[in-house]
Amino acid sequence: MQKERVAYVNGEIVPESEARVSIHDLGFLYGDAVFDTTRTFGHRIFRLRDHLDRLYDSLKYMRIDPGLGKDEMAALTMQVLGANLPLLDDDDDYWVSQRVSRGVRGATADGPTLVIECFPLPFEERAASYRDGLQVVTPSVRRTPPESMSPRAKVHNYINMVQANMEVKSQNPDALAMLLDTNGNIAEGMGANFFIVRDGVIFTPREQHILAGISRKVTIELAHELAIEVREADIDPYDAYTADEAFVTSTSYCICPVASFNGVTVGDGDGDVPGPVTDRLQKAYSGLVGIDIVGQYLARLGS
Ligand code: PMP
């Protein structure tokens, strides 16, 4: 019986404890690498093609040739996932990632470094956010502007968002940093896109200053199916303070309600989450992926 997860590293599937990347790898030295991460729902992979499309766009932006096409990348991903699924409890799920660096310093002609790996989702750590809602705080650190480095590419350098989170968590360890862009509009958090609801209409930041999340796309599709209007627009902290509801989306969170923004309770003041539109979207998301996304988190409360 296999006891340890495996990963794909440059042509081989090996136990994680034997997986090795060079100390001279440019991904490690400079963050010169890209990645993408999807997840499983009930052990079934979600929107792999969408994630691979985004991965290959990030690779193109970074001018890294992965040396294999999307079909082969998909097949390898499924092979790694298939080998790791037997280690997962029935009610757990995995993050599933592909990581491609430019290769090893001095040896980039040998080609890129490719890693494909799985990691269990942090249900327990985040469960309370589904009951209480997220406390969102804007740090002084602004999201990297497109003039410096496009936030639309998913690159292996999260220092901008790590700095933002450290600043916010030093004030409130439970808070999630929500970065503004250099124009003062809300951009995104570390690994999460932002939405508000006002008078029944959903607003979310435009794509130029953010990573276009796949869960963001799924949420917009679900809203359209529910005949809820969605507008991509510049929204700033004032819009969040005065919104009826707010929520974030990401591969792991799917849709998670926001309780407060910079300490201001979002919505009618009772602080109850989720609001009615967020609730409808969460239920639609659960219907689409075939498991109760909120229930999966709430089941871990106090565990
Ligand atoms: N923004 C950033 C910066 C992210 O890293 C992520 C996570 N990939 C997201 C937004 C949400 O994207 P997705 O819904 O594809 O997980």
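Predicted model: local features only at pLDDT ≥ 70, side-chain atom pairs only at ≥ 80, totals over all residues.
Domain 1 covers residues 6-121, and domain 2 covers residues 126-298. Where the two domains touch, domain 1 contributes 26 residues to the contact and domain 2 contributes 26 residues as well.

## The surface they share

The size of an interface is often given as the accessible area lost when the parts come together. Between domain 1 and domain 2, about 2100 Å² is buried, and 60% of this area is on carbon and sulfur atoms. On the side of domain 1, Phe35, Phe41 and Arg54 supply 27% of the area that this domain buries against domain 2, which is more than any other three residues supply.

Twelve residue pairs are in polar contact between domain 1 and domain 2, counting pairs in which both residues have a pLDDT of 80 or more. The elements that give two or more residues to the side of domain 1 that touches domain 2 are the strand β3 (33-41), the helix α2 (48-61) and the strand β5 (94-101), and of these β3 gives the most, with eight residues. Sorted by class, this side of domain 1 has ten nonpolar, six polar and ten charged residues.

## Salt bridges

The structure holds 19 salt bridges, and two salt bridges are found across the interface of domain 1 and domain 2.

Another salt bridge joins the side chains of aspartate 71 and arginine 49, with 2.9 Å from N to O. Aspartate 71 belongs to helix α3 (residues 70-84) and arginine 49 belongs to helix α2, so this pair ties together parts that are 22 residues apart in sequence.

## Aromatic pairs

Across the whole structure, a search finds ten aromatic pairs. One of them is formed by phenylalanine 123 and tyrosine 297, whose rings are arranged edge-to-face, with 5.0 Å from centre to centre and 75 degrees between the planes. Because phenylalanine 123 lies in helix α4 (residues 123-132) and tyrosine 297 lies in helix α9 (residues 293-298), the pair ties together parts that are 174 residues apart in sequence.

## Two details of the backbone

Most residues other than glycine have a negative phi, and most peptide bonds are trans. Asparagine 10 has a phi near 45 degrees, which is a positive value in a residue other than glycine, and asparagine 10 is placed in the loop between β1 (6-9) and β2 (12-15).

The second detail concerns a peptide bond: the one from valine 273 to proline 274 is cis, with omega near -5 degrees. Proline 274 is found in the loop between β15 (264-265) and α8 (276-289).

Technical notes:
Residues numbered from 1 in each chain as written. Heavy atoms only, no water. Domains from an automatic or database assignment. Contact = heavy atoms within 4.5 Å. Buried area = accessible area lost by both parts, 1.4 Å probe. Salt bridge = Lys/Arg side-chain N within 4 Å of Asp/Glu carboxyl O. Polar contact = N/O pair within 3.5 Å; in protein donor to acceptor, adjacent residues only side chain to side chain. Helix = DSSP H or I, 4+ residues; strand = E, 2+ residues; numbered from the N terminus. Nonpolar A, V, L, I, M, F, W, Y, C, P; charged D, E, K, R; others polar. Phe/Tyr/Trp six-rings, centres within 6.5 Å; stacked < 30°, edge-to-face > 60°.
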